[in-house]
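Thanks for coming. I will go through one structure today, starting with its aromatic residues and then moving to the sheet.

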Amino acid sequence: ISHSITTPEDVRDISTAFAYLLQLSEAVSVRARKRLYSGRTVTLVVRESGMKTYSFRNNLGFYTSATHHIYEAVKNLFLTNVSLQTPLRLLGVGLDNLIHGSTSFANIEDMIEGVSDRNENLYKAIDAINSKYNNGLLRGSVLKIGFRQPQGISFSFKKDTYWRSVY
């Protein structure tokens with residue numbers, strides 16, 4: 001399960017890159033939960049403006065379909081492997097090594113901190129509202145991670161397709 005976006009302009013700063021990665025992580029998470037999948041391998045894809053494409057993977061110690069787990073893993077991959085010396089034109093996020101019939105929202109750290117039930121309830125509520133009022137109304141990334149969408153970038157989800165529009 002993956003999503004990628006060719007950006008309308010070169011991505012030259014980390015905050016813009018992270019904004020895209022968070023939205024892509026959310027899109028992957030929504031699709032995984034909708035289809036009852038969890039995965040334990042997170043993939044980051046970047047394409048430089050010179051068209052060189054790189055892919056980086058991280059195997060998690062647990063299965064997940066939670067946005068906050070996918071985003072943290074992809075953010076760490078980005079920080080470890082991407083320098084932004086060359087501007088980026090494409091960013092992608094993927095979730096692999098999947099199991100079906102399970103949507104997992106908590107890892108051992110979440111359970112120790114006592115937030116596993118809260119995470120599960122949060123994602124179920126978000127999914128229920130989005131299902132009732134057309135996908136994209138609420139995002140776990142906004143509620144869980146406190147993300148503020150940069151001005152000029154609008155994301156929505158329609159029929160399992162990821163659309164981006166600039167206004």
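**An aromatic pair, and the sheet beside it**

Let me start with Phe18, which is buried, at a relative accessible area of 16%. Keep in mind that this is a predicted model.

Phe78 is buried as well, with a relative accessible area of 1%. How many aromatic pairs does the model have? The count is one. It is formed by Phe18 and Phe78, whose ring centres are 5.7 Å apart. Why is the pair called edge-to-face? Because the planes of the two rings stand at 70°, and planes over 60 degrees apart are put in that class.

Where do the two rings come from? Phe18 belongs to helix H1, residues 14–34, and Phe78 to helix H2, residues 67–81. With 60 residues separating them, the pair links distant parts of the chain.

There is another ring to mention. The charged end of Arg40 sits over the ring of Tyr63, at 5.3 Å from the ring centre.

Now the sheet. It is open and has four strands, in the order E1-E4-E2-E3, with antiparallel pairing. Which strands stand at the edges? Those are E1 and E3, the latter covering 53–64. Each has a single partner strand, so one side of each is left without a neighbour in the sheet. From one strand to the next, the twist averages 15°. Helix H1 packs on this sheet, where it touches E1, E2 and strand E4, which is 88–100. The direction of H1 makes about 160° with that of E1.

Which residues stand opposite Thr41? In E4 the answer is Asp96, and in E3 it is Asn59.

Is Thr7 buried or exposed? Thr7 has 1% relative accessibility, which means that it counts as buried, the cut-off being under 20%. Thr6, at 48% relative accessibility, counts as partly exposed.

What does Thr7 touch? Leaving out residues up to four places away in sequence, Thr7 is in contact with Tyr20, Leu88 and Arg89. The side chain of Thr7 also reaches the backbone oxygen of Glu9, at 2.7 Å.

For Thr6, look across to Leu90. The two are 84 residues apart in sequence, yet 4.3 Å apart in space, C-alpha to C-alpha.

To recap: the aromatic pair is Phe18 with Phe78, edge-to-face. The sheet runs E1-E4-E2-E3, and H1 packs on it. That is the end of the talk.

Note on methods:
Residues are numbered from 1 along each chain as its sequence is written. This is a predicted model: local features need pLDDT of at least 70, side-chain atom pairs count only at pLDDT 80 or more; totals for chains, interfaces and linings use all residues. Side-chain values use heavy atoms; hydrogens and water are left out. Rings of Phe, Tyr and Trp (its six-membered ring) pair if their centres lie within 6.5 Å; planes under 30 degrees apart count as stacked, over 60 as edge-to-face and the rest as tilted. Helices (H or I, at least four residues) and strands (E, at least two) are DSSP runs, numbered from the N terminus. Buried means under 20% relative accessible area, exposed over 50%, partly exposed in between (1.4 Å probe, protein chains only). A charge sits over a ring if NZ of Lys or CZ of Arg is within 6 Å of the ring centre and within 35 degrees of the ring normal. A polar contact is a pair of N or O atoms within 3.5 Å; within protein, one must be able to donate a hydrogen and the other to accept it, and residues adjacent in sequence count only if both atoms are side-chain atoms. Contact means heavy atoms within 4.5 Å. Two strands pair if DSSP finds at least two bridges between them. Axes are lines fitted to C-alpha atoms, for helices over the stretch in contact, and angles run from 0 to 180 degrees between N-to-C directions.
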